[in-house]
Amino acid sequence: MGFATSLEKNLSSETIVFDEFKGFSVDYNKTNYRLGIDFEYFLKENFSLNSAIRYSNKDFTGTYYCEVCDFTVPPSPQEIKLSFIEMPLTAKYYFLPNKVRLFGKLGLTNLFLLNKDVLVNSYVVGFRIGGGVEYNLTQEVALLFNMDYNNSISKLYKESDYNLKSIAFGIGVMKRM
């Protein structure tokens with residue numbers, strides 16, 4: 001079991017298109033984060049299944065556009081705040097069994113939206129691929145440094161093909177039971 005936090009950089013498209021005339025221009029000027037508890041179950045010495053329960057945000061600034069609308073005042077940018085409970089399920093493979101252990105991971109992420117918005121689906125699933133370094137301080141405690149790429153498979157917005165893409169850099173402490 002471990003505690004982990006990550007900073008995320010959003011790599012999603014710069015527009016959210018609702019139809020051929022309407023959508024959002026997007027500015028990813030926010031630093032997003034994940035914070036939670038990770039669980040690891042070893043199937044073999046160098047292979048494990050991992051899960052977690054995390055809070056994450058995916059905030060950005062969006063400006064509504066409409067090519068057929070006649071605005072008396074142009075729309076101003078607005079903050080779009082998206083908060084999720086994340087429950088990833090990944091397989092992790094350790095390449096080095098020493099004090100410093102390199103690993104790779106691959107799996108799925110389940111995102112449950114905490115905000116209530118009629119335009120947004122309340123559940124999104126995505127895939128994740130990543131890797132990192134685990135440094136064993138003792139036989140029971142290790143520091144983790146990792147990076148992962150996340151890409152949603154299902155749609156976030158009901159009327160758009162926009163999907164969440166991000167790269168995250170994290171640090172954590174793992175306590176073996």
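Ser-12 is situated in the loop that connects β1 (2–10) with β2 (15–17), strands being DSSP runs of E of at least two residues, numbered from the N terminus. The model is predicted, so that local features require pLDDT of at least 70 and side-chain atom pairs pLDDT 80 or more, whereas totals for chains, interfaces and linings use all residues. Residues are numbered from 1 along each chain as its sequence is written, and side-chain values use heavy atoms, with hydrogens and water left out.

With a relative accessibility of 7%, Ser-12 counts as buried (under 20% relative accessible area; exposed is over 50% and partly exposed in between, with a 1.4 Å probe and protein chains only). Its side chain forms a polar contact of 2.8 Å with the side chain of Asn-10. Such a contact is a pair of N or O atoms within 3.5 Å; within protein, one must be able to donate a hydrogen and the other to accept it, and residues adjacent in sequence count only if both atoms are side-chain atoms. A polar atom of the Ser-12 side chain also lies 2.8 Å from the backbone nitrogen of Lys-165. Beyond four places in sequence, Ser-12 touches Tyr-28, Tyr-162, Asn-163, Leu-164 and Lys-165, contact meaning heavy atoms within 4.5 Å.

Four strands form an open sheet in the order β2-β3-β6-β7, with antiparallel pairing; two strands pair if DSSP finds at least two bridges between them. Strands β2 and β7 (78–80) are the edges, each pairing on one side only. Three bridges join β6 (residues 60–66) to β7 in the antiparallel sense, and Thr-61 has Glu-79 of β7 as its bridge partner.

One disulfide is found in the whole structure, a disulfide being a pair of cysteine sulfur atoms within 2.5 Å. The sulfur atoms of Cys-66 and Cys-69 are 2.0 Å apart. The torsion about this S-S bond is about 70 degrees, and the disulfide is therefore right-handed. Cys-66 is buried at 10% relative accessibility, whereas Cys-69 is partly exposed, with a relative accessible area of 36%.

The largest nonpolar core comprises 17 residues, of which Ile-16, Phe-60, Leu-82, Phe-84, Leu-156, Tyr-157 and Tyr-162 touch the most other members. A core of this kind is a set of buried Ala, Val, Leu, Ile, Met, Phe, Trp, Tyr and Cys residues joined through side-chain atoms within 4.5 Å. At least two of its residues come from each of β3 (22–27) and β9 (100–113). Another core, of five residues, lies apart from it and includes Tyr-94, Phe-103, Ala-142 and Met-174.
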